[in-house]
Amino acid sequence: KSHPESRAEDKLQFDSGAAAYKVKDYTRALESFSQALLTRDIGLQSKGHYNLGNTLYQRGETEKSDDKKIKDWTNAVDHYQQTLRLDPQR
């Protein structure tokens with residue numbers, strides 16, 4: 001916490017998102033993965049976008065409203081595209 005721009009803090013945010021995703025707490029996962037995007041580490045940014053895409057897809061699966069499903073899935077595609085821009089080998 002004393003060095004919020006440190007790589008350890010960025011990785012901690014990412015790991016927090018992964019933990020939340022595993023227990024299907026998609027709102028918390030989205031928050032943590034979004035925070036992890038603030039890193040200067042391009043690899044971690046790529047992983048963050050990829051996991052945001054997965055989280056949005058899964059959250060969309062749970063939505064009852066078609067409009068909300070489509071919004072989440074559209075945002076998921078945007079994050080997958082960002083992943084490929086940052087890391088074309090992904």
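A salt bridge here is a side-chain nitrogen of Lys or Arg within 4 Å of a carboxyl oxygen of Asp or Glu. This is a predicted model, and by that rule the count comes to three salt bridges.

Start with arginine 59 and aspartate 72, whose side chains meet in a salt bridge at 2.7 Å, N to O. Arginine 59 is in helix α3 and aspartate 72 is in helix α4, residues 66-86, so the pair ties together parts that are 13 residues apart in sequence. Aspartate 72 is buried, at a relative accessible area of 3%, while arginine 59 is partly exposed at 26%.

Next, aspartate 41 and arginine 7 form a salt bridge, with the closest N and O atoms 2.6 Å apart. Aspartate 41 sits in the loop between α2 and α3, and arginine 7 in helix α1, so this pair ties together parts 34 residues apart in sequence. Arginine 7 is exposed, at 60%; aspartate 41 is partly exposed, at 23%.

Then there is aspartate 15 with lysine 11, a salt bridge at 2.9 Å, N to O. These two are four residues apart in helix α1, about one helical turn.

Now the helix pair. How do the axes of α1 and α3 cross? They come within 11 Å and cross at roughly 20°, which means α1 is roughly parallel to α3. The crossing is left-handed. Residues making the contact include Phe14 and Tyr21 of α1, and Leu44 and Asn51 of α3. By class, the contact has three nonpolar, five polar and three charged residues.

Methods
Residues numbered from 1 in each chain as written. Predicted model: local features only at pLDDT ≥ 70, side-chain atom pairs only at ≥ 80, totals over all residues. Heavy atoms only, no water. Axes fitted to C-alpha atoms, helices over the stretch in contact; angles between N-to-C directions. Parallel < 35°, antiparallel > 145°, perpendicular 65-115°, else oblique. Left-handed = near helix turned anticlockwise from the far one by under 90°. Contact = heavy atoms within 4.5 Å. Nonpolar A, V, L, I, M, F, W, Y, C, P; charged D, E, K, R; others polar. Buried < 20%, exposed > 50% of the residue type's maximum accessible area, 1.4 Å probe, protein only.
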